[in-house]
Amino acid sequence: MEALWQGIDNLAAWPVLVAILIGSVGGLAIGAVPGIGPAIAIAILLPATVFLDDLVSLVLLLGVYGSSMYGGAIPAILINTPGTPVNALTTYDGYAMTRRGEAARGLALAYSASFFGGCFSILLGLSALILFGPYLRDLGALFGQRDIFMAAALGAVLLIAAHRRNMGIAALLFAFGMLIAMIGRQSLKQIDRYTFGIDYFYAGFNLIVVIVGLFAISQALFLLTGKDADPPEARLRGGLLRGFGELKKHPLVVTISAGYGTIMGIIPGVGEFVAQFFSYSTARALSKEPGKFGRGAPDGLIASEASNNAVPAAAMVPLLALGVPGEALTAMMMVVFFDAGIKPGPDIFENNADFLFSLFIALLIINVLVVVTLLASTKLLARIIYVPNRLLGAFILILAFVGVFSIRNSFTDCMFAAGFGFLGYILRRLDWPLVPIVLGLVLGSIMIDKLTAGASQIKTVFDLVNRPVSGTLFIVILCVLVFTFVTALRQRRFEH
């Protein structure tokens, strides 16, 4: 309990409170603009976090992460264009409500379901910390170098399996990310890997530079080369508070959806899309009128928004407990942990328990602040939808290069960022995912470091899995591979 009160006290500092406010309101605006999304915003903000306090940096990024999905529901419901990719399913029933003159009702349901999903996941995680915190520190003795290696390998397998129709491409891009992670001088044995005698390669690639290039610069190029959209104007009539009252009529759907989001957020490499699929499918199966789904069913809108907003808090669990990021956004946040000298993993519960409580309580404050802001300013935020794409692209491009240059005052970093930006642009045009490269870089670094550190204890391949934790994780990996293979085989037979 002492750590809990210390965590609350950490949040009382005015820079932290300002960061929560800026992150929350900024995330709403970012989510409301189609084409940006939290990944690009966090990529732009990462260089600035180098100059901020560790807790200030993290709550700022959490504010953007936790609030952008709220904002993303606004264009999804009003103009049938998701503000963030994870709001795509919201368009099915949200826009149908707008077309029949119920835009305010759709937004109200989206806000209330998002709030429930976010708070459900946060309170569950906070309760687990309070109840099991004293025992979680014992996890440190169970996780050795090989165990963390296998945990990272599991994250890689789950990531690739999540891209069901593009598993080969996802695996290839993940391997490319690992290759990037290997470039540079290996500090332990002073071995140069893939440097080719080029001085700029000795230090390896800065993670922030790669992320800014792949996400921010590529999206800027994508917007600059596209056409300016001219969305139709949608009018808002009616109060936004009534959604919280209507949510009471769907307790089973919203609870199951929040549960799916929490579970899928904890599993590395899965995230919002799978949670939404299960939630939406379950809500439709439970509905007495399944034919209304896709035509303005409130259950469908609730399922989509409750599940995707439950993921951010849950996604912090594998990052904090194992040091394994589950998706791109938590991988970006890992940079802040590294800069702060905080090592995510089992030992964090013993050494920085108050820090963990601060993060979860900050997420709770963010959700409350976001809903209050939305109720007061939805009509204003809705106007952001009409920002021209090319103007937006130019703005992102300028911020990205300024941010990259500010890290080390290096034009070389800007050149590398531009290179990764062009790569990201090509991948976007091919409709290939960017996330596997980032997770390949992060998880690849973990796997290489842990394998190198534990090399003296590994004589045969069996030595990788002869510990209880690593052996269990290996069995889970085999089960995931078998399940994925069988599912893909059945799907192929069905298509033919």
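Predicted model: local features only at pLDDT ≥ 70, side-chain atom pairs only at ≥ 80, totals over all residues.

**Entry 1: helix H1.** I began on one side of H1, where Glu 2 and Trp 5 are exposed; exposed means over 50% relative accessible area, buried under 20%, and partly exposed in between, with a 1.4 Å probe and protein chains only. Across from them, I found Leu 4, Gly 7 and Leu 11 buried in H1, which spans residues 2-11. Those three lie on the same side of H1 because they cover an arc of only 60 degrees around the axis, taken from the directions from the helix axis to the C-beta atoms. A reminder to myself: an α-helix has 3.6 residues a turn, so residues three or four places apart point the same way. Helices here are DSSP runs (H or I, at least four residues), numbered from the N terminus.

Entry 2: Residues are numbered from 1 along each chain as its sequence is written, and side-chain values use heavy atoms, leaving out hydrogens and water. The chain has a mean pLDDT of 77, and 83% of its residues reach 70 or more; pLDDT is the predictor's confidence in each residue, from 0 to 100.

**Entry 3: Asp 413.** Next I went to H19 (residues 411-429), which holds Asp 413. Asp 413 counts as buried because its relative accessibility is 3%. Not counting residues up to four places away in sequence, Asp 413 touches Val 209, Val 404 and Arg 408, a contact being heavy atoms within 4.5 Å.

**Entry 4: Ile 366.** I looked up Ile 366 in helix H17 (residues 353-382). Its relative accessibility is 0%, so Ile 366 counts as buried. Beyond four places in sequence, Ile 366 touches Ile 20, Ser 24, Val 59, Leu 62 and Gly 63. Gly 23 is 343 residues from Ile 366 in sequence, yet their C-alpha atoms are 8.4 Å apart.

**Entry 5: Arg 284.** My last stop was Arg 284, in helix H13 (residues 272-286). Arg 284 is partly exposed because its relative accessible area is 42%. Leaving aside neighbours within four places in sequence, Arg 284 contacts Pro 290 and Phe 293. I also noted 9.4 Å between the C-alpha atoms of Arg 284 and Val 253, which are 31 residues apart along the chain.

Note on methods
Helix = DSSP H or I, 4+ residues; strand = E, 2+ residues; numbered from the N terminus.
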